[in-house]
Amino acid sequence: MSLSAPPSDRSHTAMPHHIPHLLPAAACAAALLCAAAAAQQPGTAPFDRSALLRELETLERSHREKVTAEQKTIGLALGKALSNTRELLDLYAEAVFATRFEGAKKGNAEFRKWKNGQDDLFKDDDFHAALTIHANHLYLTFLRATGEEPRKVNEALLQHVGRVWAAEAKHDLRKRAFADLLDRPVTQGVLARHLQFASKLPALDEQDKGWELLAAHTDGMLEKTLLPYLRTLRTPLLIQLWDKRIECETARARRSGLQDRLGQFTRQTLPRLQWRRARDLILLGRDAEGFTLMIGLLRQNANPADFALFAKDLRELLTAAPSAPGTPE
């Protein structure tokens with residue numbers, strides 16, 4: 001059978017010259033086969049996947065080494081700053097210059113005016129305490145993001161919480177001038193921006209539900225990280241931490257000087273803390289002590305909003321299987 005086009009009907013109007021004729025299907029197929037054959041002509045080297053893989057591995061290794069070097073630089077900078085107050089103030093001033101003045105010369109009038117205006121602040125012991133807390137928690141956040149052993153991070157975080165409690169008792173950390181240091185995530189502060197945390201710590205997760213990013217928010221550090229960690233260990237340190245927390249939060253409420261706040265703490269917050277401490281006593285196998293504390297709280301006419309919840313929780317715990325004793329460490 002012939003594949004040639006049928007004779008045209010001369011009685012029809014001729015097709016305009018500017019519209020191209022379509023190739024027949026057989027001609028298209030032949031063109032494709034010819035192109036494929038040309039691509040596989042003898043003497044053409046085959047595509048070398050293994051060579052590309054080797055190059056990829058080299059590039060990945062080079063990238064890892066670069067990231068590691070950059071992260072080491074961040075760690076060294078923070079470690080040096082935390083070694084003494086003068087180094088920390090120098091890093092802070094350098095960070096402000098680099099981020100707030102966007103690369104202007106350090107001798108320019110605007111920067112000199114800013115720095116001269118910080119003399120009193122840089123001599124303020126309360127500011128030193130706030131800046132140290134900020135930098136230390138930023139360093140702990142750095143350690144977590146770079147894969148430091150969880151045990152070491154948690155031990156360091158426990159020490160940090162203790163330092164914050166001690167600083168609260170000695171310094172006024174609620175000054176407006178400290179808001180950038182203590183009232184926003186450390187990863188968004190001036191030191192982190194200067195050290196380029198966002199770009200140099202690819203594993204940093206600012207939505208990490210297991211880590212508190214506010215440098216002085218000890219409640220968040222306890223709830224998100226330390227209490228869950230200590231519960232897995234079933235260590236007596238868990239109860240010691242509860243005792244210290246209750247002591248410090250009670251002192252904080254008293255320092256406020258506000259009777260309404262102290263009253264609310266005594267009626268509502270304190271019983272809730274004590275109840276949760278009793279739950280952890282039961283977790284450690286100290287059932288008699290934990291249950292006695294719970295029933296005692298109910299006998300004290302617990303806050304009506306909490307009574308039903310406490311009673312329900314106690315009933316469920318009493319009817320559950322006894323917990324295994326914790327292993328002291």
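A: Axes here are lines fitted to C-alpha atoms over the stretch in contact, and angles between N-to-C directions run from 0 to 180 degrees. Helices are DSSP runs of H or I with at least four residues, numbered from the N terminus. The model is predicted, so local features need pLDDT of at least 70 and side-chain atom pairs pLDDT 80 or more, while totals for chains, interfaces and linings use all residues. Residues count from 1 along each chain as its sequence is written, and side-chain values use heavy atoms, without hydrogens or water.

Start with H13 and H14. Helix H13 covers residues 259-283, and helix H14 covers residues 287-299. Their axes lie 7 Å apart, at an angle of about 155°. That makes H13 roughly antiparallel to H14 (angles over 145 degrees). H13 brings Pro 271, Gln 274, Trp 275, Arg 277, Ala 278, Arg 279, Leu 281 and Ile 282. H14 answers with Asp 287, Glu 289, Gly 290, Phe 291, Leu 293, Met 294, Leu 297 and Leu 298. By class, this contact has 10 nonpolar, two polar and four charged residues. Asp, Glu, Lys and Arg count as charged; Ala, Val, Leu, Ile, Met, Phe, Trp, Tyr, Cys and Pro as nonpolar; the others, Gly among them, as polar.

Phe 310 sits in helix H15, residues 304-319. At 8% relative accessibility, Phe 310 counts as buried (under 20%; exposed is over 50%, partly exposed in between, with a 1.4 Å probe and protein chains only).

Take H2 to begin with. H2 (residues 49-81) and H6 (residues 125-145) pack at about 155°, with axes 10 Å apart. H2 and H6 are therefore roughly antiparallel. From H2 come Gln 71, Ile 74, Gly 75 and Leu 78. From H6 come Leu 138, Tyr 139 and Phe 142. Five residues in this contact are nonpolar, two are polar and none is charged.

H7 comes next. Helix H7 spans residues 150-170, and its axis is 11 Å from that of H6, at an angle of about 165°. The pair is therefore roughly antiparallel. On H6, the contact takes in Ile 133, Asn 136, His 137, Leu 140, Leu 143 and Arg 144. On H7, it takes in Val 153, Ala 156, Leu 157, His 160, Arg 163, Val 164 and Ala 167. The classes are eight nonpolar, three polar and two charged.

H7 also holds Ala 166. Ala 166 is partly exposed, at 48% relative accessible area. Cys 248 lies 82 residues away from Ala 166 in sequence, yet their C-alpha atoms are 8.8 Å apart.

Glu 212 touches His 137, along with His 217, Gly 220, Met 221 and Lys 224, leaving aside residues up to four places away in sequence. Glu 212 belongs to the loop between H10 (197-200) and H11 (218-233). With 6% relative accessibility, Glu 212 is buried.

How values were computed
Helices (H or I, at least four residues) and strands (E, at least two) are DSSP runs, numbered from the N terminus. Angles under 35 degrees count as roughly parallel, over 145 as roughly antiparallel, 65 to 115 as roughly perpendicular and the rest as oblique. Contact means heavy atoms within 4.5 Å.
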